[in-house]
Amino acid sequence: MKSLSTIALMAMGLLFISGCGDSGLGGGASQETSVVVLPADLLTDGAADPVEVEPDSDDDGTAATGNGPGNFNGRVVLTGTAPAIGPIHTQGANIKDAEVCAAIDMPNEKLITGADNGVANVFIYMQKAPKGTPKPSPLDEAVIFDQKNCRFLPHCLVVPTGQLLKVLSDDTVGHNTHSYPSRNNAINQTVEPGDRVGKLQFAYKSSEREPLRVVCDFHSWMIAWHLPVDHPFAAITDADGNFEIKDLPPGDHTFTVWHEAAKGKFVNRKLKITVQPGQTTTQEIGYAASQLEL
Amino acid sequence: MLMLINRISIPLFASVILTIAGCSDGGNSSFVYGPTTTGLMPEAQNGIGDLTGVKSHLDVRFGNPQEVRFWSKLPLEAGGEFGSVAETPNSSAAVKELNLQFEDPPEAFDDGERLLQFVSGNAASADQTPEVAVIVSWDPEEGLAKLKSKLTTVPAAGDEIVLDGGTVLQSGRKLYQRHCSHCHGTSGDGDGPTAEYLKPRPRDYRHGVFKFTSTQGPAKVSRGDLERILRNGIPGTYMPSFVPMLDEDELDHVVEYVRFLAMRGEFERRLAGELASDFSKDAVKNRIAADEARKDIVEELTEVLSEDITDALEFVGDGIADDWSAADEEDALITPSIARVPDTVESRRIGRELFLSKDIACADCHGINGQGNGPQTTIFEKNPVTDQLYPESGLHDVWDNVNQPRNLTQGIYRGGRRPVDLFRRVHAGIKGSRMPSFKNLEHEKIWHLVNYTLSIPFESEPGRSAPTE
C-alpha cells in the first residue's frame, strides 16, 4: 500500500534526523559513561548486620559437654533393588587403544556395591569444619593419582588443600588429565605413557563444595572424583560401604553424603549426628534405590 | 485540502510512533546476568528483605554501562591519578580548597575543570554515587587544589582520592560499544545481535578464558595477547583486525574494557557458583523432592546471605585479582627453552611420527592426515556441568560449542602462524577447548611437531612430508 511505504520512509527519515546517536534517543555507542571508583576493601553495604553467632552454638560442635574427641563411623547401605550394571566394555572389545584399554573388563564404577548391599565410593564430609579445627598439614610425600588400563586409580579421592598430587600412568598409551573444579583452576594436561615419576604435579588451592570430576579427553569413559578439603573430617566408603571419621570434637555435626549415581548427586545434604566425648557414634546411612540415576 | 493534510499527517503520526517505539528506557543499555546467576532460586538472585542477593553484589562492584564502576581491587589500569587528602580542612563550612598529595603528581593547571573523586572516607560510599568535586586549579608545589564549588561532606586527612578516575574505561566503553558490542554483546557475553549468524561464535568473555594466549596453561590471558588479537584479528573467523582503525591508545582502552567485562563475568559466575550447589533452581527441586520444605531452604539461604557471603565475596574477589595480575608477569609467558629446531625433512619426519604416535595421539582428534576428522569427533559426550548428553557428536568446549579440531591442511592458524605461536598452542593447549597442554613434552619434540604441522598444507599427498622434486 502506498501509505505504508510513506510511513516507512517517514520513519526512516525521522530516525535519520533524530540522529539515534549523540542526542535524543539515548546516544547508543557514543553515549557518555561515568565511572565510579570504588575502594579495594568494600564494606558489604546492603547486607544486614551479620547474624549474631551464638557462642558455643550446637552447630559448630564446640559445645562443652566434655573434651575428649569422639569418632563417627558406619556404613552406607543401599535399600531396595539396585539395577545390575555390566562393565563399560569387556575384555578384548573393539575399542580405541584396545590392547591397553580392553586388556581387562572395564568395570562401571558408577555404582559399586559390596557385602550386604554396602555402597562403595560414597563421600561423607563436612562442608565447613567447626571453628578452630586445625587445617591438615600437607604430607611430605605426594598423593598418587594413577591410571592403568585406561582407568583412574583411585576412582575417588579426598585430598587436603595445598597437598601435592602426582599424576602417574601405567599405560603405554597417552592420557590427559582434565579437571572441572568450581573454585580451583582447572587442569588440562597430558600424561606421558609409563610415567612412574609423575611429571604432572599440582595441588588444589581451595576446598570445594562438592567433589569435582576429573576425566581423560582421549578416553571418554575415564572419570574420577576429587574432593579437596581444608579440614580432616572427610571420608570415602570402602568396597563394602564402611567409613570412619576420627577425632571429631564432641557435639552436634552436620555431614554431607554425596555419591555420583544419586539424583542431584546428594544422597543426604544434611546428615546430623551427635558425637559424645571419647565415644564412637555409629550410623547406618540409607541410600534408597529410588534415588539412583544411572 | 483536508485530504492532503490527512495523507501527510497520518503517516507522519504513525512514523513518529514507530520511531520512538523501539527506543524505550531512554536508549540506556544494561548488562545481562549469566546463566549461573539466572539458574539460582529467585531469593538468591534478588536477595531476601534487606539482605543483598547475587545481582546486587555484582551491580555494586561493576555498575551498569552508563555508570561503570571500577573496583580498585581489580588489576585494571582504569586511568586516573591516585592520591590522598594531605590535611583535613579546618573549617567545616565552605570547603573550597584541599591539600592533596599524589603518588605521581599531575602537572600544574590553572584554568581547567577536572573531576576529583573520593574513593574512601566520609565523602565516599560504595552504594550511592560518591561525591565528585570539580578542580579548577592545581598547584603541585603547595599541593593545593582549588574546587569549583564547596563540598557537602568534609573529607579527612588520608582519604583516598582519584583525579580523572576511570578515563580509560570511559573511552574503552565507548569504543567497545561502537566496534565490538554488535558481536560480543554489551556484557561481553558473545551474544550480540550478529552473533547468531556467526560460526564460530564470538567469544563469551564471562568465563575469563581466552583461547589464544602466550601464557602458561593455567594462567589467564595477558594484555599483550589481547592486543595482538585486536591487531591481527583471528584468521579463519569473523574477528577482524582493528589496526589502523584504532590507534595505539585506543587499542589499550579497548583491551582494558574487555578485561573489565571478563572480570565482571568471572566474578558473577564464581559468586553464583558458590550458591549454586545448594540454592540453584535444580538443587531446590531435588531438595523438595527429598522432602525438604521450601521455607527451610529459604531460611538456610537467609543465613548464608547474611554471614557466609562475606567470605565468598572476599575469596572470589581475591582469586580474580591474583589470577589476572599474575597473567601479565614475566613468568607467566611461555618461552621455549631452545630455539626452533631447523625445519628439515628429518625434523618433519620425526614430527609426523610423534603426530601419529599413541603417546601424543594428535591423530585421535586431528585425524591421521591432519584434516580435523579424527575418531574423537564422532563420540557423543555429556556436558560436565549438567550431566546431559550434548545433542551433537564430537568434543565440546567450555562454551558448549562443538570443538572442531583444527583442519591443519588449510594452513589457517587462528592464534597466529608464527612458529612460536604454534609452540605455545601445543605447550599450553588451547584454553577452554579440548586441546590439552603438552607441557611435559620436551621442547625439541614440540618443535618437531611444529615443523611437521607447518608443512602439512604443502604436502603433495598426506603424510608425504618431504617435498617432491
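How many bridges join strand 2 of chain A to strand 14 of chain A, and in which sense do the two run? I found that five bridges join strand 2 (residues 70–79) to strand 14 of chain A, and that the two strands run antiparallel.

Before going on, I noted that this is a predicted model, in which local features need pLDDT of at least 70 and side-chain atom pairs count only at pLDDT 80 or more, while totals for chains, interfaces and linings use all residues. Residues are numbered from 1 along each chain as its sequence is written, and chains are lettered from A and ligands numbered from 1 in the order in which they are written.

**Confidence.** I looked up the predictor's values for the complex, which are an ipTM of 0.85 and a pTM of 0.88. For chain B the mean pLDDT (the predictor's confidence in each residue, from 0 to 100) is 88, and 92% of its residues reach 70 or more.

**Strands of chain A.** I took strands as DSSP runs of E with at least two residues and helices as DSSP runs of H or I with at least four, both numbered from the N terminus, and I counted two strands as paired if DSSP finds at least two bridges between them. An open sheet of three strands has the order 14-2-17 in chain A, with mixed pairing. Within strand 14 of chain A, A:E244 is the bridge partner of A:N73.

I then turned to strand 4 (residues 143–147) of chain A, which pairs with strand 7 (residues 164–167) of chain A in the parallel sense over three bridges; A:F145 has A:V167 as its bridge partner there. Strand 4 of chain A also pairs with strand 5 (residues 152–153) of chain A, in the antiparallel sense over two bridges. These two strands form a hairpin with four residues between them, and A:N149 in the turn has a positive phi of about 50°.

**Chain B.** The domain assignment, which is of automatic or database origin, gives domain 1 (81–165), domain 2 (180–330) and domain 3 (345–458) of chain B. I noted that 34 Å separate the centres of domain 1 and domain 2 of chain B, taken over C-alpha atoms.
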